[in-house]
Amino acid sequence: MDTMTDDLYRDVTDFAHDTPTWFQHLAEVWTELGLLLFGVLFIVAWWRARRGDPRALAIAVLAPLATAVAYVCSEALKSAVDEERPCRAVAGAVTSIVECPAYGDWSFPSNHSTIAGAAAVGLALAWPRIAALTLPMAVLMAFSRVFVGVHYPHDVAVGLLLGAALAFLLVRLTTRPVARVVETMRGSSTGVVRWFAGPGSPMAQPHASHRRPVSHRR
């Protein structure tokens with residue numbers, strides 16, 4: 001029996017096949033390129049935070065770690081649910097734009113969407129001004145997975161929400177202890193550790209130009 005999500009899947013994939021070939025290729029590339037772009041933004045966010053307070057750096061470091069945890073949770077849920085890919089299961093659907101994943105590579109939830117949701121929220125917490133970029137990026141990545149025909153709409157919706165929720169909770173719950181670790185790292189005698197943790201805010205650093213108290217002789 002057809003479901004509403006089957007109908008929506010067919011609507012999206014029918015629309016995809018009506019778009020120009022170059023647009024289809026763009027959507028196919030974006031499903032992977034978006035992950036790479038999120039990786040670059042993680043590095044930039046960390047680099048910016050190196051001169052911030054320990055809490056800022058802690059959040060920047062936790063963002064990719066939370067994304068990795070979200071992916072592992074998504075993969076575990078995928079293995080437990082065992083939902084067949086719509087490119088094989090939906091009757092009357094057009095051929096997917098990309099090759100349908102092999103049997104056993106299950107559909108629910110979408111790993112790409114989970115990673116995108118977690119990365120978007122993690123980066124927004126680490127670098128609030130970039131939320132206007134990362135959140136639409138995540139939604140477009142999720143939609144592209146339905147567009148190219150390898151996921152149901154509910155796969156990507158749940159993936160986005162799962163990734164976003166896990167990233168938010170993990171960052172909020174662990175920022176304080178990780179910030180203490182950052183403070184310790186900034187005082188380390190190991191050069192590479194100090195380089196990774198950064199110098200922190202200049203305002204928080206002791207100034208060498210402070211003068212010693214002057215004793216007045218009588």
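Me: Where is aspartate 82 found?

Reply: Aspartate 82 is found in the loop between H3 and H4, where helices (H or I, at least four residues) and strands (E, at least two) are DSSP runs, numbered from the N terminus. Before going further, please note that this is a predicted model, in which local features need pLDDT of at least 70 and side-chain atom pairs count only at pLDDT 80 or more, while totals for chains, interfaces and linings use all residues. Residues are numbered from 1 along each chain as its sequence is written, and side-chain values use heavy atoms, with hydrogens and water left out.

Me: OK, and which peptide bond is cis?

Reply: The bond from phenylalanine 108 to proline 109 is cis, with omega near -10°. Proline 109 is found in the loop between helix H4 (86-89) and helix H5 (111-126).

Me: Switching to aromatics: how many aromatic pairs are there?

Reply: The count comes to 10 aromatic pairs, under the rule that rings of Phe, Tyr and Trp (its six-membered ring) pair if their centres lie within 6.5 Å, with planes under 30 degrees apart counted as stacked, over 60 as edge-to-face and the rest as tilted. One of them joins phenylalanine 15 and phenylalanine 147, which are edge-to-face at 6.1 Å centre to centre with 80° between the planes. Because phenylalanine 15 lies in helix H1 and phenylalanine 147 in helix H6 (residues 131-147), this pair ties together parts that are 132 residues apart in sequence.

Me: How far apart are phenylalanine 15 and phenylalanine 147 from C-alpha to C-alpha, and how exposed is phenylalanine 15?

Reply: Their C-alpha atoms are 8.1 Å apart in space. Phenylalanine 15 is partly exposed, with a relative accessible area of 47%, whereas phenylalanine 147 counts as buried at 2% relative accessibility.

Me: What about tyrosine 103 and tryptophan 106?

Reply: Their ring centres are 5.1 Å apart and their planes lie at 75°, so that pair is edge-to-face. Tyrosine 103 counts as exposed at 64% relative accessibility, and tryptophan 106 counts as buried at 15%.

Me: Which ring does the charged end of arginine 50 sit over?

Reply: The charged end of arginine 50 sits over the ring of tryptophan 47, at 4.4 Å from the ring centre; the criterion is that NZ of Lys or CZ of Arg is within 6 Å of the ring centre and within 35 degrees of the ring normal.

Me: On to helix packing: at what angle do the axes of H2 and H3 cross?

Reply: The axes of helix H2 (residues 21-49) and helix H3 (residues 54-81) cross at roughly 160° and come within 8 Å, where axes are lines fitted to C-alpha atoms, for helices over the stretch in contact, and angles run from 0 to 180 degrees between N-to-C directions. H2 and H3 are therefore roughly antiparallel, since angles under 35 degrees count as roughly parallel, over 145 as roughly antiparallel, 65 to 115 as roughly perpendicular and the rest as oblique.

Me: And which residues of H5 and H6 make the contact there?

Reply: H5 and H6 pack at an angle of about 175° with their axes 8 Å apart, which makes H5 roughly antiparallel to H6. The contact (heavy atoms within 4.5 Å) includes Ala116, Gly117 and Ala120 of H5 and Leu135, Ala138 and Met141 of H6.

Me: Last one: what does valine 182 touch?

Reply: Valine 182, which lies in helix H7 (residues 153-186), touches Pro54, Leu57, Ala58 and Ala197, not counting residues up to four places away in sequence. Valine 182 counts as buried at 4% relative accessibility.

Conventions:
Buried means under 20% relative accessible area, exposed over 50%, partly exposed in between (1.4 Å probe, protein chains only).
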